Amino acid sequence: MAGEAARQGRFGQALPMLSRALALDPEGAAPAYAELLGRLSLTGWPPQLEADLVTCLHAGSVDPQSLARAAARMLLAKYPEPVVAEDPLWTTFLTRCINVHPAMEARLAWLAGQVLPAGLRDALAAQAFASEYVWGGEALGIPAAAAAEIAEERRLAAEMPSLGDAGDGVSRAVRAQYEASPYPRWRAAATRERVSVAAHLAALGAPQAGSVAVLVAGCGTGFEPIDLARMDPSLAITALDLSAGSLAHGRRMAEVLGIDTIRFVQGDILDAARLDGRFGLVSCTGVLHHMERPALGLAALAEVLAPGGVLRVALYSERARAWIAEAHRAIAEHGWDASPAGIRAFRAHVLALPPEQPLARLRESDDFYTLSGCRDLCFHVREHWYRLPAIGAMLAAAGFELLMLDAPPEARARFAERFGTAADRDDLALWDRLEVDFPHLFAGMFHLWCRKQG
Ligand SMILES: C[S@@+](CC[C@H](N)C(=O)[O-])C[C@H]1O[C@@H](n2cnc3c(N)ncnc32)[C@H](O)[C@@H]1O
């Protein structure tokens with residue numbers, strides 16, 4: 001009932017119901033509450049809401065990062081003027097989230113220059129480390145726990161199983177980028193409701209025989225394979241990436257979470273055939289568009305899929321990324337490079353822009369708030385952008401049949417409004433026409449499920 005009220009925007013009705021549910025069952029109620037808090041535009045700090053926010057930030061069933069904006073807004077409403085305050089909301093925010101709010105960034109830099117009580121100082125040091133000192137804070141020092149994690153990840157990276165050297169020059173450049181800047185930064189993973197991947201694939205019309213072997217191709221810092229492993233512990237998961245440093249983060253986090261169903265392997269998608277076994281599902285999110293020839297990457301993934309196996313792929317939308325070209329122009333014009341100094345200079349430029357400037361929109365992207373995220377967003381060594389018909393052609397050429405275009409709910413509603421409920425939801429040409437009018441329909445990337453034919 002509370003969920004229904006929240007979905008319909010009746011927040012005043014939903015909040016007290018969710019608050020009572022949270023008091024009775026924090027882990028159970030926190031995901032719905034957090035979802036609602038993420039959508040509220042907080043201008044005040046009602047004490048009950050604040051207490052509930054802290055509860056949600058600590059709940060294992062919630063990704064605290066999804067509450068980073070809400071927590072920052074609440075803190076700024078509570079403390080409109082800079083002041084040093086020992087407050088559980090501050091310490092919880094600083095230790096559980098990575099800041100993604102521009103005004104909070106200025107506040108953090110101010111705080112770093114003050115004499116702070118030990119608890120707040122430690123929490124701010126942890127925040128500065130997590131956001132890669134994007135706003136400063138180096139003088140706070142590396143927290144002892146983080147120093148131990150860095151040492152452990154170096155060790156894990158050095159002994160990472162490997163398929164051998166990266167294939168082409170672009171793969172080497174991309175590897176260098178992600179060894180220096182593993183992406184994405186993440187601090188905690190929410191526990192997941194159990195979902196059977198086999199049942200999901202069967203519902204898509206692509207049932208797999210036996211237990212499902214999964215390849216996460218280009219897994220970055222391991223968020224996706226870990227999320228999958230927690231969602232469905234029956235999966236045997238291989239997590240492949242060019243960057244041993246990124247994999248080491250995933251491997252360490254998997255160990256912390258007690259997950260032993262993932263093998264992490266360093267290597268190039270182009271060499272995926274060197275992996276043992278064949279896979280019922282390959283997931284490749286935001287990766288192929290960073291290859292010199294994405295079609296070759298796609299062919300390599302087709303080769304390691306079992307007959308009838310499923311590929312879930314996500315690729316950049318040209319229309320949704322068009323405004324990033326603006327960032328590329330500014331970067332080229334000022335001669336900023338992808339070093340920390342270059343990224344900081346670019347960020348300072350963006351932070352100083354008036355809100356009506358198109359580039360000021362970058363401040364709404366979570367990626368803007370870490371050095372590695374900003375590098376991935378605006379300083380990438382290689383990226384291709386797509387329109388849906390071209391993706392359809394590339395998939396068909398690699399022997400894939402489209403099972404489903406995974407469109408967000410608002411996009412599906414617009415599609416039905418424009419073409420009627422009887423229209424084919426997997427007709428990429430129709431979606432392409434719709435995207436002309438709504439360039440942000442897919443929030444940056446197209447997500448598609450497809451099946452290897454034959
Ligand atoms: C933008 S990150 C995406 C990470 C993750 N899939 C996600 O969605 O958060 C791209 C990742 O793909 C990896 N990558 C790029 N080209 C690759 C290749 N040819 N073979 C293997 N991994 C690759 C990079 O090292 C990087 O970790």
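Glu-50, Lys-78 and Asp-87 are joined in a network of salt bridges, where a salt bridge means a side-chain nitrogen of Lys or Arg within 4 Å of a carboxyl oxygen of Asp or Glu. This is a predicted model, in which local features need pLDDT of at least 70 and side-chain atom pairs count only at pLDDT 80 or more, while totals for chains, interfaces and linings use all residues. Residues are numbered from 1 along each chain as its sequence is written, and side-chain values use heavy atoms, with hydrogens and water left out.

With that rule, the count is 23 salt bridges. Here are three of them:

| Pair | Closest N to O |
|---|---|
| Lys-78 and Asp-87 | 2.6 Å |
| Glu-326 and Arg-329 | 3.0 Å |

Buried is under 20% relative accessible area, exposed is over 50%, and partly exposed is in between (1.4 Å probe, protein chains only).

What about Arg-382 and Glu-292? Arg-382 sits in the loop between α18 (371-378) and α19 (388-397), and Glu-292 in the loop between β4 (279-285) and α14 (294-304), so the pair ties together parts that are 90 residues apart in sequence. Helices (H or I, at least four residues) and strands (E, at least two) are DSSP runs, numbered from the N terminus. Arg-382 is partly exposed at 28%, and Glu-292 is partly exposed at 33%.

Glu-326 and Arg-329 are 3 residues apart in helix α16 (residues 324-334), about one helical turn. Glu-326 is partly exposed, at 32% relative accessibility.
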